[in-house]
Amino acid sequence: MAFCAHAKLNSLCAVSSSSSATARVTVTVLTSSTGCARMRNGRQTNCVIVRAASSSSSSSSSSSTEVSRSSVGTIPKTTLYQEGELERPRWTGETPLSRLVGALISFKPLYSLLKLGARQVLISTAEKTNIPWRDMRREILESEVYNEMDSIQNNSIVYPDYYLNPFHAYDVGNLSWLAAAEAEAATMSMMRRTIPDASSLDEAKQIVRGNWLQAIEQHHQKYSGNAMVKDILDVGCSVGVSTRYLADKFPSAKITGLDLSPYFLAVAQFKEKQSTPRKNPISWVHANGEHTGLPAKSFDIVSIAYVLHECPARAIVNLVKEAFRLLRPGGTFSVTDNSVVTSMTIMALYSRNFVELSPVLFTLMKSTEPFLDEYYLTDLEGTMKEAGFVNVRTILTDPRHRTMTGTVPY
Ligand SMILES: C[S@@+](CC[C@H](N)C(=O)[O-])C[C@H]1O[C@@H](n2cnc3c(N)ncnc32)[C@H](O)[C@@H]1O
């Protein structure tokens, strides 16, 4: 099944064709094995190649090396995608290479160098697209945000081991004011990179968030008998950006934002206090999404946005199971995160074969996103079905992200 994601606001569609052209690009589904992800369960080997500036239809055999560096930044507003499942790349899991990389990253001087480079790239890329990263950071760090900590922090929390490691080029991962002060700029930058040809940051945000919200709403309408949405949980809410989008979309629902970082939650609460008061104020909960301690069957929608690629496989499974426990019968679960197609396209730029990702790139990737490989190798649809969800659907809601939805049976 191939999906199309119109970048014009709130329009999604699914199509059955595997090859098509738009005014700007051609997306070709290949049948060669070079550089492509092989579908499990014996189906055809597929991969997606995006070419810039083509105006005619095309469907031919080709090699993944045809993806040029310049083409990735030109993914258009209307694009066809086809997603394949990945076989286990050689650089993942407990291999000699991944153990070596783990040892290299734990060598402090090397990690510091990698971190410095990664941060410089992040900040300068954002500022080149008019995201005032350093100004936004200063505004938070010089504010009264620190006063929110006491009312947010759950002192009895036990952090999972994966959460205590260096992450996103922060030595203490998400457990710092610096990470919290930069989180919103980082989110904006991700939106900009997702829709590089959007006319503004606002347009990019509306496309990415609008399509995600619409996927949730449509799933709930279709499979939940139009049941009223009274309670929504946003797991991994970070500084509350996704939570506020959910609150705006479902204004009559009570919204809870939950996160493991009290620093992020403090920023979320601080920013919400500065905004126009809502009829239903957002509640913020400092807890582990794997075992929230919240009552079973207490939500109509549970959303997990851009969290799972930051978690090891065991945590992904626990987060999905906990969402199932928290939802009422007929409730809707949504996960939005990186699509496999993107990983294939990007990886193909650096390596002739995705499964042979260069050790240097792998080391860089591992130093800032330690669980990306585990995320890409997790069968999310299968994990949702095993947890008990039915009506499990995946839709590419923008050129880089998929939204997966499922229902708790009645
Ligand atoms: C990229 S951010 C999420 C962004 C946000 N949902 C949005 O859409 O703007 C990932 C968040 O997941 C949180 N997180 C990671 N593991 C978690 C867990 N087990 N329980 C709760 N939150 C978790 C992190 O603290 C971080 O704030």
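Helix H10 (residues 313–326) lies across strands S9, S12 and S13 (327–338), and runs at about 160° to S12. Here, helices (H or I, at least four residues) and strands (E, at least two) are DSSP runs, numbered from the N terminus. Axes are lines fitted to C-alpha atoms, for helices over the stretch in contact, and angles run from 0 to 180 degrees between N-to-C directions.

Some housekeeping: this is a predicted model, where local features need pLDDT of at least 70, side-chain atom pairs count only at pLDDT 80 or more, and totals for chains, interfaces and linings use all residues. Residues are numbered from 1 along each chain as its sequence is written.

Now for the sheet. Seven strands make an open, mixed sheet in the order S11-S10-S9-S12-S13-S15-S14, where two strands pair if DSSP finds at least two bridges between them. S11 (283–286) and S14 (390–396) stand at the edges with a single partner strand each, so one side of each has no neighbour in the sheet. From one strand to the next, the twist averages 15°. S9 (residues 231–235) pairs with S12 (residues 299–305) in the parallel sense, over four bridges, and Asp 234 stands opposite Ser 303 in S12.

Thr 292 sits in the loop between S11 and S12. This residue counts as buried because it has 20 C-beta neighbours inside 10 Å; the cut-offs are 20 or more for buried, 12 or fewer for exposed, and partly exposed in between, with C-beta atoms placed from the backbone. Beyond its neighbours within four places in sequence, Thr 292 is in contact with Leu 258, Ala 287, Glu 322 and Leu 326, contact being C-beta atoms, placed from the backbone, within 7 Å. The C-alpha atoms of Thr 292 and Ala 323 are separated by 9.4 Å, at 31 residues apart along the chain.

Elsewhere, H6 and H7 pack at an angle of about 85°, with their axes 9 Å apart. They are therefore roughly perpendicular to each other, a label that covers 65 to 115 degrees. The two sides of the contact look like this:

| Helix | Range | Contact residues |
|---|---|---|
| H6 | residues 177–194 | Met 188, Met 191, Arg 192, Thr 194 |
| H7 | residues 201–223 | Leu 201, Ala 204, Lys 205, Val 208 |

By class, the contact of H6 with H7 has five nonpolar, one polar and two charged residues. Ala, Val, Leu, Ile, Met, Phe, Trp, Tyr, Cys and Pro count as nonpolar, Asp, Glu, Lys and Arg as charged, and the others, Gly among them, as polar.

Technical notes:
Two residues are in contact if their C-beta atoms, placed from the backbone, lie within 7 Å. Angles under 35 degrees count as roughly parallel, over 145 as roughly antiparallel, 65 to 115 as roughly perpendicular and the rest as oblique.
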